[in-house]
Amino acid sequence: MQMELNDIENLFNSMIQIDTINARARYSLSFEGAWPELYLPQDIDIIKAETSAEDKFTSLSQLNQKKWNLYLPKAYHPLLLQQHRDNLERAMKDLRIANAEMRRKQQDGSAKWKKENKLNISSLEMRVAKLKQELPIPFDIYIAQNTRVLVITGPNTGGKTICLKTVGLAAMMAKSGLYILASEPARIPWFDFVLADIGDEQSLSQSLSTFSGHLKQISEIRSLSTSLSLVLLDEVGAGTNPLEGAALGMSLLESFADAGALLTIATTHHGELKALKYRNGAFENACMEFDDVNLKPTYRILWGVPGRSNAINIAERLGLPVEILDNARDLYGAASAEINEVIVDMERFKQDYHTKLHESQQYLRLSKKLHKSLLLTRKRVTEHSVKEKSRRMQEITKIGASARSIIHKKVREYRSLPTQKPKQIKADTDIPTSTSIHLHSTIEENASVVTETASTDIKSITENKPELPKIGDVVNIPSLNKKATVVKLDRSKEQVVVQAGNLKLKLNLADILT
């Protein structure tokens, strides 16, 4: 009985594993996720160490392609994507129900009801179209290999915390065997721990304030983190005096960079943390973009650019009195204002860079398409040239064969004329002797007549000999029944070279008629 229970338990566990694998696969396919390239950080060092002279170029190209420590293009937060899908399905369901209700009540002649129902359906259709267009905005997360700490700044409700959660969930999903919600190719390290301090950890029962709760959580993270861990810190240094909080945050992040986690991502409002990049190469800055015109965040990340303060500018656009704004700028300080102006210029430069990069990518795609079209056109032209050359060769061969056939026929005809007379004479030798003398005299008379006729014909031909053609004259070729143009003339050999279409022939003067 115990053995049967153990078998049932093992079978049940196997079924659970199969269901889990099936659920992961269905989830990945449902959201059209990307297969993540998981790697161990020490693999990069092994590849560099084993690079030999033979495969030097191959290894260097591979390292160049894998220069990112974390590469997640167009990454989505799973819950935001699921929420958008649920809202869209709910809106489409409401639209189907409204259409069905309208068809069901078509028999009702109430014009007022029809008008209200049409307005309702129109509103639902607009809502569905709006949801289809307003997809959640994805993050482009590119973190270089030499970066150990990423500091993200930006306005409240700008998407900093969502960015942290997106990276953490992507790391957990990749380790769990799930496709991540990003575009391919996606590259992510194998983190042994994903440690996060996100949210408010205040507790009345434990006498913990917001600041104390964060410190307790960060202290536990600091003790648990290893050189393969991912640490996510939200609003580091917050909840206390800004100067002390900024100093404490800088010290914590430097400790993580020097002997802490593989990658630390922190969000903050403290401007002092932005300067860490310029004195420590392991730091990198990023900020959440803010639309100054519409006064709302765009939820896009600007890499390499520290965030700037927008409070005074927002207050100015909201109509706060000028006296208050000027006093605030004086209190804020000219140096800080100048730093903000530099940051503004950097943001504009970054935006222009991305615009130019996007345009260059489009031009590159067009040039590749044009290159393929040119290669195809060249191939077609080459094939057409070969076919045309073959066709012309066949035509020349056919004309040459026809010319040879006509010439051979004429030669046979000319050769057959003198051979008939000996046969005639030989046949006449069998005639009786009584008539041989008469035939002999007749032959002699005929021969003299033929000789006189031939001499007369030769004389007449000599007298009526045509003029020699000139280069460029058009002559007739009786043997080919064609007209040709004289391109070369050899008076000594009485020969000419003529061009008849694509055919060039060398003929005697006797073979042409001017």
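What is the relative accessibility of K277, and does that make K277 buried, partly exposed or exposed?

Modeller: K277 has a relative accessibility of 25% and counts as partly exposed. Buried here means under 20% relative accessible area and exposed means over 50%, with partly exposed in between (1.4 Å probe, protein chains only). This is a predicted model, in which local features need pLDDT of at least 70 and side-chain atom pairs count only at pLDDT 80 or more, while totals for chains, interfaces and linings use all residues. Residues are numbered from 1 along each chain as its sequence is written, and side-chain values use heavy atoms, with hydrogens and water left out.

K277 forms a salt bridge with E284, at 3.1 Å from N to O. The term covers a side-chain nitrogen of Lys or Arg within 4 Å of a carboxyl oxygen of Asp or Glu. E284 is also partly exposed, at 21%.

Another salt bridge joins E254 to R279, with the closest N and O atoms 3.0 Å apart. This pair links distant parts of the chain, 25 residues apart: E254 is in helix α8 (residues 242-259), and R279 is in the loop between β8 (263-268) and β9 (283-291). Helices (H or I, at least four residues) and strands (E, at least two) are DSSP runs, numbered from the N terminus. E254 is partly exposed at 25% relative accessibility, whereas R279 is exposed at 54%.

The closest N and O atoms of K216 and E220 are 3.1 Å apart, and both residues lie in helix α7 (residues 210-224), four residues apart, about one turn of the helix. K216 is partly exposed at 42%, and E220 is partly exposed at 38%. The count of salt bridges comes to eight.

Now to the nonpolar cores. A nonpolar core is a set of buried Ala, Val, Leu, Ile, Met, Phe, Trp, Tyr and Cys residues joined through side-chain atoms within 4.5 Å. The largest has 33 residues, and L70, L72, I141, I143, I180, I265 and I301 have the most contacts inside it. Helix α6 (residues 160-175) supplies the largest share of this core, seven residues. A second, separate core has 20 residues, among them A246, L253, A266 and L276. In soluble globular proteins, nonpolar side chains tend to be buried together.

Apart from neighbours within four places in sequence, its contacts (heavy atoms within 4.5 Å) include I141, I180, D140 and R187. The charged end of R187 in turn sits over the ring of Y39, 3.7 Å from the ring centre. For this, NZ of Lys or CZ of Arg must be within 6 Å of the ring centre and within 35 degrees of the ring normal. R85 is placed over the ring of F31 in this way, at 4.2 Å from its centre. F31 is buried, at 9% relative accessibility.

Of the 514 residues in the chain, 28% are buried.

Technical notes. Contact = heavy atoms within 4.5 Å.
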